[in-house]
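Have the sequence and the 3D view open as you read.

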Amino acid sequence: MNIRKNDTVMVIAGKDKGKQGKVRFAYPKQERVLVEGVNFIKKHSRARGAVRQAGIIEREVSIPVSNVMLLCSKCNHPARVGFRFLADGRKVRFCRSCGEVMD
Ligand SMILES: [Zn+2]
């Protein structure tokens, strides 16, 4: 998975296509990400005792990582990401269209 927490991504598929947001959580095992402001669901809940309030709760749910692309800060569009090694041996991600290193 080439998306990590705190990355800025663009949604390229699904109902929130075109939206941008910051990755709040990444779930590499499930290959899903939780993106700020993306994929809100409305949950109708009933009051259960004193703990839960009745009403509509809106919250974000994770989406498949295949629905998002990393946004390149330099060319400002969704980037195809490549990997390369720096001189010091670090593995970094880079934008395939402009070559900008993203780590
Ligand atoms: Zn770029």
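## Across the strands

Which residue in S2 does Thr 8 stand opposite? Thr 8 faces Lys 22 there. Keep in mind that you're looking at a predicted model.

That pair belongs to a wider arrangement. S1 and S2 (residues 20-27) run antiparallel to each other, and three bridges join them. Zoom out and you get an open sheet of five strands, in the order S6-S3-S2-S1-S7, with antiparallel pairing. S6 (63-64) and S7 sit at the edges, each pairing on one side only.

## The nonpolar core

The largest nonpolar core has 16 residues, and those touching the most other members are Ile 3, Val 9, Val 33, Val 35, Ile 63 and Val 68. Strands S1 (8-11), S3 (32-35) and S7 (68-70) each give two or more residues to this core. As a general point, nonpolar side chains tend to be buried together in soluble globular proteins.

## Two residues up close

Start with Val 9, which sits in strand S1. Is Val 9 buried or exposed? Val 9 counts as buried because its relative accessible area is 0%, and the cut-off for buried is under 20%. Beyond its sequence neighbours within four places, Val 9 is in contact with Ile 3, Val 35 and Val 68, among others. Val 9 and Ala 79 lie 70 residues apart in sequence, yet their C-alpha atoms are 9.2 Å apart in space.

Now try Ile 63. Setting aside neighbours within four places in sequence, its contacts include Val 11, Val 33, Val 35, Val 38 and Val 68. Glu 31, Arg 32 and Asn 39 are also in contact with Ile 63.

Key
Residues are numbered from 1 along each chain as its sequence is written. This is a predicted model: local features need pLDDT of at least 70, side-chain atom pairs count only at pLDDT 80 or more; totals for chains, interfaces and linings use all residues. Side-chain values use heavy atoms; hydrogens and water are left out. A nonpolar core is a set of buried Ala, Val, Leu, Ile, Met, Phe, Trp, Tyr and Cys residues joined through side-chain atoms within 4.5 Å. Buried means under 20% relative accessible area, exposed over 50%, partly exposed in between (1.4 Å probe, protein chains only). Helices (H or I, at least four residues) and strands (E, at least two) are DSSP runs, numbered from the N terminus. Contact means heavy atoms within 4.5 Å. Two strands pair if DSSP finds at least two bridges between them.
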